[in-house]
2 protein chains.
Amino acid sequence: MIRELFDLDDDVVYLDGNSLGVPPRHVAARVNEVITQQWGRRLIRSWSEGWWETPERVGDRVGRLVGAAPGQVVVADSTSVNLFKALMGAVRGTERGEILVDAGTFPTDGYIAQSVAELTGLTLRAVDPESFEVGDAAVVLLNHVDYRSGRLLDMASLTEHVHAGGAKIVWDLCHSVGVLPIELDRLGVDLAVGCTYKFLNGGPGAPAFLYVPKAAQEDFHQPLTGWTGHAVPFAMSQDYTPDQGISRARVGTPDILSMLALDAALDVWDQVSLADVRARGLELTAYFRRLVEGLPGIEVITPDSEWRGHQVSLRHPDAARIMGELIARNVIGDHRPPDVLRFGFAPLYNTDEDAERAARALQELL
Amino acid sequence: MIRELFDLDDDVVYLDGNSLGVPPRHVAARVNEVITQQWGRRLIRSWSEGWWETPERVGDRVGRLVGAAPGQVVVADSTSVNLFKALMGAVRGTERGEILVDAGTFPTDGYIAQSVAELTGLTLRAVDPESFEVGDAAVVLLNHVDYRSGRLLDMASLTEHVHAGGAKIVWDLCHSVGVLPIELDRLGVDLAVGCTYKFLNGGPGAPAFLYVPKAAQEDFHQPLTGWTGHAVPFAMSQDYTPDQGISRARVGTPDILSMLALDAALDVWDQVSLADVRARGLELTAYFRRLVEGLPGIEVITPDSEWRGHQVSLRHPDAARIMGELIARNVIGDHRPPDVLRFGFAPLYNTDEDAERAARALQELL
């Protein structure tokens with residue numbers, strides 16, 4: 001759609017934007033300006049010339065991509081740390097006894113949920129997200145798009161299901177933000193987290209985000225009570241009083257270089273609509289699917305319906321070797337053990353030709 | 001000492017390196033190379049070409065500045081998050097009932113300690129670090145250099161005191177790393193944290209560090225069990241098994257742009273010895289002290305002895321206004337409420353002339 005805005009070599013077929021997005025061309029110059037001008041010339045003064053509010057300001061920009069009105073998203077820390085805040089905040093004071101997580105979850109979600117369960121005395125239960133009883137759950141943590149298969153869950157009906165069962169829901173948007181329109185506010189989602197280095201192209205390990213809706217902020221208490229979440233941080237008072245708004249989800253001093261790299265990377269989203277991105281992503285993944293279906297030994301595990309993210313996952317017993325050889329031919333996807341090949345399609349820079357070249361290379365290898 | 005290596009304007013007297021260090025000149029080009037080459041050209045492949053091990057590799061570089069042999073420091077997350085890991089790890093399984101923190105602590109330490117106390121059922125007790133009973137403490141958290149007054153604590157005798165009382169000690173090195181030689185290994189320190197954006201010049205909000213000595217690693221369990229701390233992260237297994245070594249202190253995907261900016265910034269330390277830096281820092285602060293002592297309304301609160309960091313803190317009832325006017329004259333220190341003026345001296349780039357110009361400007365204002 002806007003490939004010319006990305007710094008991507010023509011001889012590379014890059015189908016791993018679901019793991020690490022490609023840098024928009026202008027990011028390098030922007031970061032250089034941050035280092036040489038904001039840091040070098042303005043020094044400490046930059047903290048009061050915009051740096052301090054970066055987590056909320058960039059959070060609002062991410063918010064526009066997930067259907068969150070301003071003042072409800074902060075960009076900060078890693079996804080794992082934000083999962084910890086979200087789950088600890090969600091179960092605080094509950095009289096219920098369970099935390100639910102989808103059985104095929106990305107590992108870090110399950111690990112953090114297990115840790116929260118141990119800390120709070122609750123029990124972790126892994127469930128099939130397409131068929132589960134809420135039971136005694138205080139909170140349910142679901143991955144909007146499954147990192148392995150690319151399956152997309154129905155956020156509307158599952159949020160309703162969890163609420164009907166009297167629990168809170170936390171959505172992990174790592175593999176869906178930048179993929180399709182998301183409506184956190186409208187659906188009444190309780191909490192959401194996500195990363196910014198996949199389809200948002202924020203850079204390797206770029207800061208993650210946490211969504212806490214306005215109405216829930218006053219009762220949101222998370223245990224990482226770092227000084228930047230304080231109501232009046234520079235009062236340097238002895239007792240922690242959380243900020244009244246979303247800033248209470250902040251912890252330590254924000255990581256400005258990475259955060260402003262992300263800020264720059266988000267500019268490309270001003271030029272496209274998520275509905276168009278989604279339509280194009282469905283086209284690209286459908287096209288690639290047609291090209292590889294029926295290749296010897298290949299099983300497509302990504303849903304054929306529209307309930308999928310922007311990736312096509314293939315199963316093959318020799319997946320690790322095959323991906324190694326594809327990468328040697330400059331066709332870059334990735335391998336998830338034991339036997340899954342993942343090909344991500346980022347409509348902003350991927351093309352039909354990428355799908356064709358990847359399918360051809362795969363065919364030659366099989 | 002090596003001011004020519006720093007990108008600092010001659011018309012600025014910058015005495016706030018204890019809050020945000022100055023960028024070494026080569027950092028901007030290095031980060032540009034990371035974005036355009038490592039990220040842009042190598043894309044996802046960079047994760048297996050060095051990125052993944054960055055927290056441990058850069059951690060070892062910081063380790064050399066704090067007397068830690070390799071394999072005991074990770075660079076990751078913020079100081080606040082690392083404090084949480086350290087304190088939760090330190091009190092896990094204890095039968096003791098208290099957490100001690102110095103009464104004048106930097107706020108975030110106290111806030112996090114309070115949160116850990118609430119989570120674990122222990123009691124937080126604020127103490128005078130120069131005179132306290134260990135009592136029923138499981139862990140004692142002390143700031144090596146007090147952010148407000150610049151007082152330096154005696155790490156050797158206090159570590160011994162805390163150990164004699166049967167507790168663990170966590171040192172916060174935010175205001176002492178890069179100031180003087182520190183000997184974590186030799187003194188048998190249990191845990192330490194610190195930031196890298198002050199005297200280490202890592203950049204605004206650069207990742208912090210956490211030290212866990214080899215012998216304690218096997219029993220170090222912290223609740224932020226993110227996937228990158230797993231023994232075999234890419235096995236993507238369902239259960240969390242912590243890495244056997246220091247990597248268990250990692251949480252989420254490392255923030256590469258900021259971490260490699262820090263990596264570049266650390267290069268300047270290869271050219272100096274910490275003993276020389278310390279000697280020069282004592283000279284600079286002593287010189288500035290002589291120049292400002294006796295100015296009307298000024299009380300110097302930084303210790304006159306060598307038990308001080310590289311800052312001179314002055315008390316004046318009109319501190320906020322005075323600092324505002326100093327900054328307007330390009331003499332940049334900072335103000336800590338209610339009445340403290342702080343002037344930090346970073347021997348790598350500060351000079352006698354900086355001290356003279358700052359003292360002259362202050363004199364003119366009083």
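**A sheet and its helices**

Mentor: Start with two strands of chain A, E10 (residues 311-315) and E13 (residues 340-344). They pair in the antiparallel sense, over 5 bridges. Bear in mind that this is a predicted model. Take one bridge as a landmark: A:Leu314 has A:Leu341 in E13(A) as its bridge partner.

Now widen the view. E10 and E13 belong to an open sheet of 4 strands in chain A, in the order E9-E10-E13-E12. The pairing is antiparallel. Look at the edges, where you find strand E9 (299-300) and strand E12 (334-336) of chain A. Each has a single partner strand, so one side of each is left without a neighbour in the sheet.

Strand E3 (residues 98-102) of chain A pairs with strand E4 (residues 123-127) of chain A. This pairing is parallel, over 5 bridges. Here A:Leu100 has A:Arg125 in E4(A) as its bridge partner. Check both faces of E3(A). On one side, A:Glu98, A:Leu100 and A:Asp102 are buried, and on the other, A:Ile99 and A:Val101 are buried too. That is 5 of the 5 residues, so E3(A) is largely enclosed by the rest of the structure.

Finish with helices in chain B. In H1(B), the buried residues include B:Val31, B:Val34 and B:Trp39. The buried residues of H1(B) pack against helix H1 (27-39) of chain A together with H8 of chain B. Focus on H8(B). H1 (residues 27-39) and H8 (residues 256-265) of chain B pack at an angle of about 140°, with axes 9 Å apart. Angles over 145 degrees would count as roughly antiparallel. H1(B) and H8(B) are therefore oblique to each other. The crossing is right-handed. Among the contact residues are B:Val27, B:Arg30 and B:Gln38 of H1(B), and B:Leu257, B:Leu260 and B:Asp263 of H8(B). Sorted by class, this contact has 10 nonpolar, 1 polar and 2 charged residues.

Methods: Residues are numbered from 1 along each chain as its sequence is written. Chains are lettered from A and ligands numbered from 1 in the order in which they are written. This is a predicted model: local features need pLDDT of at least 70, side-chain atom pairs count only at pLDDT 80 or more; totals for chains, interfaces and linings use all residues. Side-chain values use heavy atoms; hydrogens and water are left out. Axes are lines fitted to C-alpha atoms, for helices over the stretch in contact, and angles run from 0 to 180 degrees between N-to-C directions. Angles under 35 degrees count as roughly parallel, over 145 as roughly antiparallel, 65 to 115 as roughly perpendicular and the rest as oblique. A crossing is left-handed if the near helix is turned anticlockwise from the far one by less than a right angle, and right-handed if clockwise. Contact means heavy atoms within 4.5 Å. Ala, Val, Leu, Ile, Met, Phe, Trp, Tyr, Cys and Pro count as nonpolar, Asp, Glu, Lys and Arg as charged, and the others, Gly among them, as polar. Buried means under 20% relative accessible area, exposed over 50%, partly exposed in between (1.4 Å probe, protein chains only). Two strands pair if DSSP finds at least two bridges between them.
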